[in-house]
Structure formats: C-alpha cells, structure tokens
Amino acid sequence: MSVIESFFQVQSAAAWHEIVEYGVSVGLILLIVSIAFIYNISNIRKLRRILKSAEGFEKAANHNLPHVIGFNGLSTEIENIVAHCKDLGEKVALKNEELLRDRKALERQKREVDRVNLELEQILSTAAGGIRLVDRDFNVLLTNDTFDGLVGIGKDEIMGSKCYEVSRTSFCHTPRCPLTRILGGEERIRTEIDVLDHLDKQVPCLMTATPFRGFRGELIGMIQDFEDISELKSAEEAAKQRACELEKVNKELDSFVYSASHDLRAPLRAISSFATFMEEDLGDRLDAVGSGHLSEIRKGVDRMNRLIEDLLVLSRVSRIKNPYEKVDMQLLIDGIKERLNFDIQKNNVDFRIQGRMPVIECDRIKFEMVFQNLINNAIKFSSKVEGRVPLVDVGYEDHGDSHAFYVRDNGIGIAKQYHDQIFAIFKRLHTEKEYEGTGAGLTIVKRIVDDHGGRVWVDSDLAQGATFYFEIPKNLVPSAVPLKGEAVAAPIVH
Amino acid sequence: MAQGRALKILLVEDNDVDVKIASRAFAGSQYESRLHAVSDGEEALSFLLRTGRYANLDPETVFVPDLILLDINLPKMDGFAVLKLIKTDKRTNRIPVIMLTTSNNERDIDESYSLGAASYIQKSVSFEEFINQLNGFNFYWRFVSTLPGWHTT
C-alpha cells in the first residue's frame with residue numbers, strides 16, 4: 001500500500017469525519033460566498049453605475065453637460081453632486097466670461113489711455129505756445145517742446161527744477177508772480193511778460209496762467225501758456241515808427257503848403273495893391289481903357305488868390321483827419337444856411353430841408369465842407385434862371401448799409417456828357433462871367449466823400465436842374481490818428 | 001486921449017510891400033496916425049524897451065505906441081514868439097496887439113488869441129478889404145480910448 005492508501009486507511013474513519021467537517025466548512029464558506037456574491041451582484045451593478053457616474057463627472061468637468069445619471073438613492077446623491085458641479089461649472093464659466101470682459105475692458109481702457117496720452121503728447125509738442133506746469137512749490141512738473149525751445153534749455157534740466165531757477169521770467173519774486181496770484185485765488189491771468197532764456201535775453205511773451213486742479217478739485221499748481229510775441233512787438237515798434245514818420249512827413253508837408261501859400265500871396269498883394277494905388281493916384285490921368293486894365297489886373301489877382309486858397313484846402317482835406325464826433329446833421333445844415341444867409345436872401349432862394357436828418361458819428365468839419373460846397377453851388381446855379389424862384393432842397397435817404405444825402409436845385413442843369421468831368425479839379429462848364437467859381441468845390445466834395453469810402457454822383461440834365469447825391473457807409477471807422485491842432489476850417493469855396 | 005491925437009502905431013513887418021500898403025492905409029484914413037515900421041521882432045522889442053539903437057533917443061522919435069501891428073511870419077523870431085514876449089513883459093503888456101495873418105488858418109487865429117492878441121487882420125489881396133478891417137479897429141480904438149481908466153502912457 002502506498003502512502004496514500006495508508007493515508008486513506010488510517011484516516012478513513014477519522015477522515016470521513018474530517019472530510020465531512022471540511023465539506024461542511026467549505027460548503028458553509030461557499031454558501032456565505034455565494035450569498036455575499038448574490039448580494040453584491042446588485043452592488044456590482046451599482047459599482048458599474050458608480051463607474052459610469054465617475055465617467056459622468058469627468059465629462060461634466062469637461063463641460064459635457066448635462067449628463068444625468070439616474071439611479072435610486074445613490075443616483076440622487078450623484079445627481080445633486082452633478083447638479084452642483086454643473087452649477088459650479090456654470091458659475092465658473094460666467095465668472096470667466098466676466099473676467100474676460102473685464103480684461104477686455106481694461107485693455108480697451110488702457111488703449112484709450114494710451115491714445116489720449118498720445119494725443120496729449122502731440123498736442124503739447126505741436127502747441128504754438130510754450131506750456132509749463134508748475135506745482136504749488138514752484139517745481140516744474142511738465143513742459144512742452146515749444147517751451148524748452150523758448151528758453152533754450154533741455155527738458156531734463158528744466159524738469160523738477162524750481163520755476164524761478166532755470167526758466168525765469170521778469171515777474172519772478174515780485175508780487176506779480178503768476179503762481180502767487182493763482183494760489184491767491186485768481187482764476188485766469190493774461191499778461192505780457194518777459195521770459196529769460198538761457199542767455200539771459202528777454203523774450204517778450206503773452207502769458208496765460210490758469211489753476212491746475214486735482215481730481216477732488218484741489219489746487220495743485222498752475223498751467224502757463226507762453227506765446228512768443230517778439231515778432232509782434234517788433235512789428236508794433238515798426239508800425240509806431242512808421243506812424244511817427246508819417247506824422248512828421250504830414251507836418252512837413254503841411255508846413256510846406258502853408259509857407260508856399262504865404263509866399264505865393266505876398267506878390268499877389270503887391271500886384272493888386274499897387275494896381276489900386278495906380279487907380280487912386282493916376283485916376284485923373286487914366287482913361288476908361290486904362291482903368292479897365294487895372295481892373296482886369298485886380299480880378300486876375302483875385303482869381304489867383306482863390307485858386308491858391310482852394311489848392312490849400314484840397315491839399316489838407318485828405319491829409320488831415322479830424323477826430324470823429326456825434327454830429328446832428330440838422331444843426332450842421334442849419335449852420336450852413338445861416339452862413340450863406342446873405343446869398344440866400346439876396347437871391348430870394350427857397351431853401352428847404354426835406355425829412356429828418358440823422359445824427360452821425362463822423363468828421364464834422366469835412367461834412368461841413370461837403371454840404372457848404374454843394375449848397376453854395378445849388379444857390380449859385382439856381383439863382384440865375386429867369387422867371388423862376390430858385391429852389392434848393394437838402395434831403396436824406398436811408399440806403400440800408402449807407403447814409404445818402406442829396407442837394408437839389410432847379411437851376412440850369414448839367415448835360416449828361418459832363419457828369420464825370422465836373423468833379424475834376426478846376427474844370428468848369430461856364431466862364432467866370434456867367435458863374436463865378438474856381439471849379440474846385442466839387443473836387444473837394446469828391447475827395448472828402450471818397451476818403452470816407454463813399455461815392456458822389458449827379459442826376460441832372462440841361463435845363464432840368466441838378467441833384468447831387470452822396471453816399472457814406474454807415475460803419476465809418478475813424479482812420480489814422482489825427483494831427484493835433486490842425487483842424488481845417490471850412491472856407492466858402494466859390 | 002482927445003479925438004484929435006494921432007494914433008501911434010508900431011508896425012512889425014518884414015515885407016516892404018506890406019509896409020507900404022499899411023502906411024498908405026493909415027495915411028488915407030480920416031484919423032491921423034503916426035506909424036513906425038520895424039522889420040523883425042528883435043528890433044520891435046528894442047524900440048518898445050528903448051534899448052539898443054533906440055536907446056537915448058527922444059520920446060518923440062521912440063514913442064510908446066497905442067497899437068502894435070504884428071505880422072505872424074517874421075524872420076528869425078516868429079510873430080508868436082514876439083507876441084509872447086510883449087505880453088509877458090510888464091512894461092509892454094498893456095499895449096493892444098493886432099496880428100497880421102495871410103490866411104484864415106484856424107491854428108493861427110487860436111494861437112493869437114491864446115497868447116493875448118487883441119484881434120487879427122488878414123492881409124488881404126484886396127486893398128479895400130484891408131482898409132475896411134483897419135478902419136474897424138481904428139473906430140474901436142477911438143471909442144475905447146475915450147473910456148475912463150484906459151491907459152496910454
């Protein structure tokens with residue numbers, strides 16, 4: 001017998017006992033296992049589901065929502081968790097979007113700031129004026145290139161320095177210091193000021209200074225803008241000099257004309273007076289012919305004298321500008337009427353002023369001359385017509401942007417072809433015998449009206465009387481400074 | 001100061017034609033007059049103050065004028081300067097001065113009056129007109145000089 005046979009023989013009785021024991025234990029174990037196994041099958045299913053839900057979690061994490069895994073009990077839990085995760089995921093996504101938007105907004109703002117900075121940079125650098133920003137303690141915070149150029153100092157030297165050190169002005173350390181005034185409450189200072197450049201040369205400038213404020217409106221310092229007016233100043237000087245020279249020349253010319261007229265007249269006095277003396281002393285030895293000659297001599301001299309007078313007047317009319325004043329035209333014309341009263345009465349002239357005369361700010365003396373000449377002419381030419389009462393009308397018309405006056409008479413009239421000629425100097429249409437006069441009156445009128453930027457013209461025809469019109473623009477601007485004490489008296493020009 | 005007394009005139013005029021004219025104008029007047037003519041301001045003052053070549057001459061020759069006719073346009077010292085001197089010197093400022101002008105220039109007229117001239121006469125081209133103006137003043141003076149208190153030393 002083998003070991004096994006012996007094993008089995010010995011063991012047989014006990015063995016069967018043991019086998020049964022083994023068998024029972026194994027059987028029990030198997031039973032327990034199978035019970036457990038069966039019990040867990042469902043759990044294996046659950047396990048599977050857990051695994052699935054784990055997958056679901058993963059998917060959820062990767063935004064593959066929704067992923068509903070439903071199974072009882074555990075499923076609800078997992079549902080909740082998933083829902084929460086979904087929620088969380090949504091919130092995160094939203095937050096992300098928000099953050100993204102914020103970041104985009106910030107980027108936009110930054111671009112905007114950059115753009116504004118760039119604009120500011122360019123504006124500052126191309127600004128014609130020199131700009132300087134100074135704080136309360138006189139420190140220079142900012143300057144633009146123009147300012148640096150103005151003082152001829154580099155930006156690095158100016159920045160951070162005290163404004164009264166490197167880029168001084170003529171007002172530094174005086175009560176006129178703009179920063180002191182701004183800190184004292186002034187809102188805007190605009191003044192001429194001299195800026196001292198690096199060579200200590202004075203650069204005349206026009207400065208504007210305003211307060212510089214912070215976000216809360218607190219006063220931080222001052223902004224200054226310096227405009228270099230050295231060219232303007234030298235132009236101003238030049239203009240002043242030219243005006244001075246002009247005045248000098250005018251005075252010289254005036255003096256010359258005055259002397260010339262004086263010197264020209266002395267011989268005239270001699271001629272005329274001695275002709276008179278001849279008449280007086282030799283009267284009995286002179287016949288009518290002789291007397292006639294002497295008379296002609298005197299008349300010639302008279303005429304020459306009047307021509308000189310007219311030339312004097314004409315030469316002064318353009319050069320001398322009297323100061324403007326408010327002139328009541330009614331009073332002015334009334335005054336002329338009085339002055340010519342003798343002629344008006346003598347010729348029985350019907351003199352009328354039509355309508356309302358305005359009050360105009362102008363050169364009174366010049367206007368007197370115009371009216372006097374025109375009215376005098378009107379009286380003269382209307383008074384020689386047979387059988388008619390001489391009529392002289394003076395009137396006013398408002399022509400919108402200009403004043404218009406007219407002087408009308410019912411005299412012999414002027415043929416159309418002469419309407420331009422009559423304004424030329426000494427041009428006459430009649431002989432001295434017919435109508436006395438030098439022919440300078442209308443020339444003087446035209447010169448004065450032209451000088452005022454207006455125009456003069458005549459409306460007339462032979463035997464139809466004549467109406468002289470003159471127009472003056474309403475916005476009269478007094479021209480150059482008048483020569484003092486040189487007011488031209490208004491002579492009666494025949 | 002009687003009506004009959006001759007009007008004593010000092011004429012300050014550089015142009016001798018004008019002197020002739022003035023002389024003749026006064027000569028032809030119904031009123032008697034004595035005229036002395038000088039040709040510039042210096043001589044005029046000399047005459048008035050009896051200095052220089054007028055010193056130590058008898059008062060008949062170097063009279064105290066009742067009237068001074070003063071031309072504006074004089075050589076060396078101009079008429080206004082002479083007028084000023086006459087009017088600021090106590091010895092001479094009582095004598096009325098008439099300025100002789102060649103034109104009716106306002107400036108001259110204003111200046112004359114402001115310096116104390118009594119009047120002005122335009123040296124007209126026409127002799128008749130000149131006479132008229134002179135007669136006007138002549139008459140005025142004749143009248144005024146008869147008023148009490150009028151000095152003519």
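Student: Which pattern does chain B follow when read along the sequence?

Tutor: The model is a predicted one. Chain B contains five helices and five strands. Read along the sequence, chain B follows the pattern β-α-β-α-β-α-β-α-β-α.

Student: In what order do the strands of the open sheet in chain B lie?

Tutor: The sheet has five strands, with parallel pairing. Its edge strands, each of which pairs on one side only, are E2 and strand E5 (119–122) of chain B. The twist averages 25° from one strand to the next. The order in chain B is E2-E1-E3-E4-E5.

Student: What angle does the direction of helix H3 of chain B make with that of E4(B)?

Tutor: Helix H3 (residues 79–88) of chain B packs on the sheet and touches strand E3 (67–71) and strand E4 (97–101) of chain B. The direction of H3 makes an angle with that of E4(B) of about 175°.

Student: What share of the residues of chain B counts as buried?

Tutor: The accessible surface of chain B is about 7,500 Å², with 53% of that area belonging to carbon and sulfur atoms. Buried here means under 20% relative accessible area. Of the 153 residues of chain B, the share that counts as buried is 48%.

Student: What share of the residues of chain A counts as buried?

Tutor: Chain A has an accessible surface of about 29,800 Å², of which 58% belongs to carbon and sulfur atoms. Its secondary structure comes to 11 helices and 12 strands. Of the 494 residues of chain A, the buried share is 36%.

Student: Which are the edge strands of the five-stranded open sheet in chain A?

Tutor: The order of this sheet in chain A is E7-E9-E10-E12-E11, with mixed pairing. An edge strand pairs on one side only, and this holds for strand E7 (350–354) and strand E11 (455–460) of chain A.

Student: What is the bridge partner of A:Val392 in E10(A)?

Tutor: Strand E9 (residues 391–398) of chain A and strand E10 (residues 402–409) of chain A run antiparallel and are joined by seven bridges. In E10(A), the partner of A:Val392 is A:Asp409.

Student: At what angle to E10(A) does helix H10 of chain A run?

Tutor: Helix H10 (residues 364–382) of chain A lies across E7, E9, E10 and strand E12 (466–473) of chain A. Its angle to E10(A) is about 25°.

Student: Why is H7(A) described as roughly parallel to H11(A)?

Tutor: Helix H7 (residues 288–319) and helix H11 (residues 441–451) of chain A pack with their axes 10 Å apart, at an angle of about 5°. Angles under 35 degrees count as roughly parallel. The angle therefore makes H7(A), relative to H11(A), roughly parallel.

Student: How many nonpolar, polar and charged residues does the contact of H7(A) with H11(A) have?

Tutor: From H7(A), the residues are A:Asp310, A:Val313, A:Leu314, A:Val317 and A:Ser318. They meet A:Thr443, A:Ile444, A:Arg447, A:Ile448 and A:Asp451 in H11(A). By class, this contact has five nonpolar, two polar and three charged residues.

Key. Residues are numbered from 1 along each chain as its sequence is written. Chains are lettered from A and ligands numbered from 1 in the order in which they are written. This is a predicted model: local features need pLDDT of at least 70, side-chain atom pairs count only at pLDDT 80 or more; totals for chains, interfaces and linings use all residues. Side-chain values use heavy atoms; hydrogens and water are left out. Axes are lines fitted to C-alpha atoms, for helices over the stretch in contact, and angles run from 0 to 180 degrees between N-to-C directions. Helices (H or I, at least four residues) and strands (E, at least two) are DSSP runs, numbered from the N terminus. Angles under 35 degrees count as roughly parallel, over 145 as roughly antiparallel, 65 to 115 as roughly perpendicular and the rest as oblique. Contact means heavy atoms within 4.5 Å. Ala, Val, Leu, Ile, Met, Phe, Trp, Tyr, Cys and Pro count as nonpolar, Asp, Glu, Lys and Arg as charged, and the others, Gly among them, as polar. Buried means under 20% relative accessible area, exposed over 50%, partly exposed in between (1.4 Å probe, protein chains only). Accessible areas come from the Shrake-Rupley method with a 1.4 Å probe; for residues, only the protein chains shown count as cover. Two strands pair if DSSP finds at least two bridges between them.
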